[in-house]
Amino acid sequence: DNNQVLIYPNNIKEGSYKLSIDESVRDAKGQTLGSKSEHNVVFEAIKPAVRLVGKGVILPSTSNLTMPFEAVNLKSVDVRITRIYENNILQFLQTNDLNGEGELARVGKKVIDKTINLGITNPADYSRWKKFSLDLNSLIKTEPGAIYHITLSFKKAYSTYPCAGNAADDKAEMEQLKEQKEEVNEFSYGYYYNDYYDYSEEGGDNYDWKERENPCNSAYYRDSYGRSVSRNLLASDLGLTVKKGNDG
């Protein structure tokens with residue numbers, strides 16, 4: 001491509017390699033390089049991550065309720081679903097737009113907290129972004145008018161990122177419905193404004209801020225660094241846009 005040569009490996013590689021370019025490589029005019037050259041190339045594994053696909057909040061209820069997402073170097077994800085009740089929607093919209101997530105503890109209740117196996121059988125597929133669909137029909141029965149706040153997150157135990165000392169038989173508990181904690185009747189300041197913040201998240205007392213970008217350290221997996229993703233979904237076949245005139 002003009003003066004660039006693009007090289008694509010046949011498969012995903014990790015680690016350091018030596019790239020040798022032979023002197024016989026020639027351009028469109030037939031001129032050769034004239035000398036051989038060698039270059040050190042390092043392929044780095046993609047850090048464990050999850051990301052959403054597409055945009056929007058309203059999901060037609062007549063079709064299958066599925067939410068697409070992509071993940072890399074993960075064998076499972078945690079799914080948390082908070083239901084914002086229909087009669088609380090106006091209160092929710094006082095501090096949020098339809099896709100907001102502020103002060104959810106005032107208007108909603110956590111209804112699902114589940115670990116789901118991504119079902120990847122080929123180890124080579126762990127290190128590349130792959131698309132998945134979360135089947136909401138199997139998790140919740142949607143109620144008309146309610147908004148469902150869906151969060152996808154992951155722990156260090158779910159990571160397939162190559163780290164020294166990883167146990168080959170490390171397995172996370174899959175498809176396990178976690179026991180729901182007793183609801184709190186009186187909101188403390190932290191619970192009221194930070195919703196479901198867990199002060200015992202990955203890293204605990206051994207948390208090292210300097211390791212926050214190291215996938216081989218538990219500090220990387222803290223939600224406070226934006227590892228989780230979330231989206232609000234409203235199951236409805238109707239969407240209404242209201243416009244206000246100059247006369248009110």
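Which residues line the largest cavity? The legends below take up that question and a few others. This is a predicted model, in which local features need pLDDT of at least 70 and side-chain atom pairs count only at pLDDT 80 or more, while totals for chains, interfaces and linings use all residues. Residues are numbered from 1 along each chain as its sequence is written, and side-chain values use heavy atoms, with hydrogens and water left out.

**Figure 1. The whole chain, for orientation.** The chain has three helices and 11 strands, where helices (H or I, at least four residues) and strands (E, at least two) are DSSP runs numbered from the N terminus. Read from the N terminus, the order of elements is β-β-β-β-β-β-α-α-β-β-β-β-α-β. Of the 248 residues, 32% count as buried; buried means under 20% relative accessible area, exposed over 50%, and partly exposed in between, with a 1.4 Å probe and protein chains only. Among contacts (heavy atoms within 4.5 Å) between residues at least 6 apart in sequence, 74% join residues at least 24 apart.

**Figure 2. The largest cavity and its lining.** Here is the reply to our opening question: the lining consists of L59, L65, L136, I140, T142, Y148, I150, L233, L234 and A235. A cavity is found on a 1 Å grid over the protein atoms alone, as a set of points where a 1.4 Å probe fits but cannot get out, and lining residues have an atom within 4 Å of a point. Strands β9 and β11 are the elements that give two or more residues to its lining, with β11 supplying the largest share, three residues. By class, the lining has nine nonpolar residues, one polar and no charged; Ala, Val, Leu, Ile, Met, Phe, Trp, Tyr, Cys and Pro count as nonpolar, Asp, Glu, Lys and Arg as charged, and the others, Gly among them, as polar.

**Figure 3. The nonpolar cores.** A nonpolar core is a set of buried Ala, Val, Leu, Ile, Met, Phe, Trp, Tyr and Cys residues joined through side-chain atoms within 4.5 Å. The largest one has 31 residues, and F69, V79, I81, L134 and L136 have the most contacts inside it. At least two of its residues come from each of β5 (66–72), β6 (76–84), β7 (108–117), β8 (130–135), β9 (147–153) and β11 (229–235). Apart from it lies another core, of eight residues, including V57, I89, F92 and L234.

**Figure 4. A close look at I81 and V111.** Leaving aside neighbours within four places in sequence, I81 is in contact with K109, K110, V111, I112, L136, L139, I140, Y148, H149 and I150. V111 sits in strand β7 and is partly exposed, with a relative accessible area of 30%. Not counting residues up to four places away in sequence, V111 touches I81, T82, R83 and I140. The C-alpha atoms of V111 and Y148 are 9.5 Å apart, although 37 residues separate the two along the chain.

**Figure 5. The disulfide of C163 and C216.** A disulfide is counted when a pair of cysteine sulfur atoms lies within 2.5 Å, and the count here comes to one. The sulfur atoms of C163 and C216 are 1.9 Å apart, and the link is left-handed, with -90° about the S-S bond. What does the link tie together? C163 lies in the loop between β9 and β10 (176–177) and C216 in the loop between α3 (189–194) and β11, so the pair joins parts that are 53 residues apart in sequence. C163 counts as buried at 16% relative accessibility, whereas C216 is partly exposed at 30%.

**Figure 6. Two residues with positive phi.** Most residues other than glycine have a negative phi. N73 has a phi near 55° and lies in the loop between β5 and β6. N73 is buried, with a relative accessible area of 2%. E103 likewise has a positive phi, of about 55°, and is placed in the loop between α1 (89–92) and α2 (104–107). E103 is buried too, with a relative accessible area of 17%.

Key: 1 Å grid on protein atoms, 1.4 Å probe; cavity = no way out; pocket = protein on both sides within 12 Å on 5 of 7 lines; lining within 4 Å.
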